[in-house]
Amino acid sequence: MGIFSTMAISASGMTAERLRMDVISNNIANANSTRTPKGGPYRRQQVLFSAVLGDTVKGYMAKSDGPAGHNPIGGGVRVVGIVEDPSPPRLVYDPDHPDADQNGYVHMPNVNILAEMVDMLSATRAYEANVTALSAGKAMIAKALEIGRV
């Protein structure tokens, strides 16, 4: 693991969480969009993450996940994709709405504002944790450089 690995790992986390916050913001902005280019109401979107495995170090951890004595070290996170939530749209009775069906129901987006706000707080906290880890890595590198000058 190189000296700048912690920075790269934290940067990948910050990038992923920033995208997650953007998708959540888009969900909130479209919470009342009953028409989309595909037809029908807006569908809530979610971001899928995947771990990135970096170098393998012999004897790094007690439990082996690979060949005898070799263990993968985390290399950060990457975004696998953005997928639509398959849950059905909410039905709201509003016969005067232009998008109401023959029974007077409007198919509204499957966006729950409360759930989106909780997800936004989670993404914000994860982003802040990555910023803290990045700052700690920078401080360690700075201290190592000071030690080298003595």
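Let's start with Glu116, which sits in helix α2 (residues 113-149). Helices here are DSSP runs of H or I with at least four residues, strands are runs of E with at least two, and both are numbered from the N terminus. Keep in mind that this is a predicted model: local features need pLDDT of at least 70 and side-chain atom pairs count only at pLDDT 80 or more, while totals for chains, interfaces and linings use all residues. Residues are numbered from 1 along each chain as its sequence is written, and side-chain values use heavy atoms, with hydrogens and water left out.

**The overall layout**

The protein has two helices and four strands. Follow the chain along its sequence and you get the pattern α-β-β-β-β-α. Contact means heavy atoms within 4.5 Å. Of the contacts between residues at least 6 apart in sequence, 62% join residues at least 24 apart.

How much of the protein is buried? Of its 150 residues, 25% count as buried. Buried means under 20% relative accessible area, exposed means over 50%, and partly exposed is in between (1.4 Å probe, protein chains only). The protein exposes about 9800 Å², and carbon and sulfur atoms supply 60% of that. Areas like this come from the Shrake-Rupley method with a 1.4 Å probe; for residues, only the protein chains shown count as cover.

**How confident is the model?**

The predictor's confidence in each residue is called pLDDT and runs from 0 to 100. Its mean over the protein is 86, and 83% of the residues reach 70 or more. Strand β4 (residues 105-108) has the highest confidence, at 95, whereas β1 has the lowest, at a mean of 78. Over residues 56-64 the pLDDT is below 50, and this stretch has 18 contacts in the model beyond near neighbours in sequence.

**Charged pairs**

Side chains of opposite charge can pair when their charged atoms come close. A salt bridge is a side-chain nitrogen of Lys or Arg within 4 Å of a carboxyl oxygen of Asp or Glu. That rule gives nine salt bridges, and the table shows some of them.

| Pair | Distance, N to O |
|---|---|
| Arg20 and Glu17 | 3.1 Å |
| Asp85 and Arg44 | 3.4 Å |
| Glu116 and Arg44 | 2.3 Å |

Take Arg20 and Glu17: both are in helix α1 (residues 5-29), three residues apart, which is about one turn of the helix. Both Arg20 and Glu17 are buried.

Now back to Glu116. How exposed or buried is Glu116? It counts as buried because its relative accessibility is 0%. Apart from neighbours within four places in sequence, Glu116 touches Ile24, Asn27, Ile28, Arg44 and Val111. With Arg44, Glu116 forms a salt bridge at 2.3 Å. Arg44 lies in the loop between α1 and β1 and Glu116 in helix α2, so this pair ties together parts that are 72 residues apart in sequence.

Salt bridges that share partners join Arg44, Asp85, Glu116 and Asp119 into one network.

**An aromatic pair**

Rings of Phe, Tyr and Trp (its six-membered ring) pair if their centres lie within 6.5 Å; planes under 30 degrees apart count as stacked, over 60 as edge-to-face and the rest as tilted. By that rule there is one aromatic pair. The ring centres of Tyr93 and Tyr105 are 5.3 Å apart and their planes are at 65°, so the pair is edge-to-face. Tyr93 is in strand β3 and Tyr105 in strand β4, so the pair ties together parts that are twelve residues apart in sequence. Tyr93 is exposed, with a relative accessible area of 54%, while Tyr105 is partly exposed, at 35%.

Ser50 belongs to strand β1 (residues 45-58). Which residues does Ser50 touch, leaving aside neighbours within four places in sequence? They are Gly76, Val77, Arg78 and Val80. Ser50 and Val79 are 29 residues apart in sequence, but their C-alpha atoms are 6.3 Å apart in space.

Val80, in strand β2 (residues 70-84), makes a nonpolar surface patch of about 220 Å² together with Leu48 and Val83. Patches are made of residues with over 30% relative accessible area and no salt bridge: like charges are joined within 9 Å, and nonpolar side chains (Val, Leu, Ile, Met, Phe, Trp, Tyr) within 5 Å.
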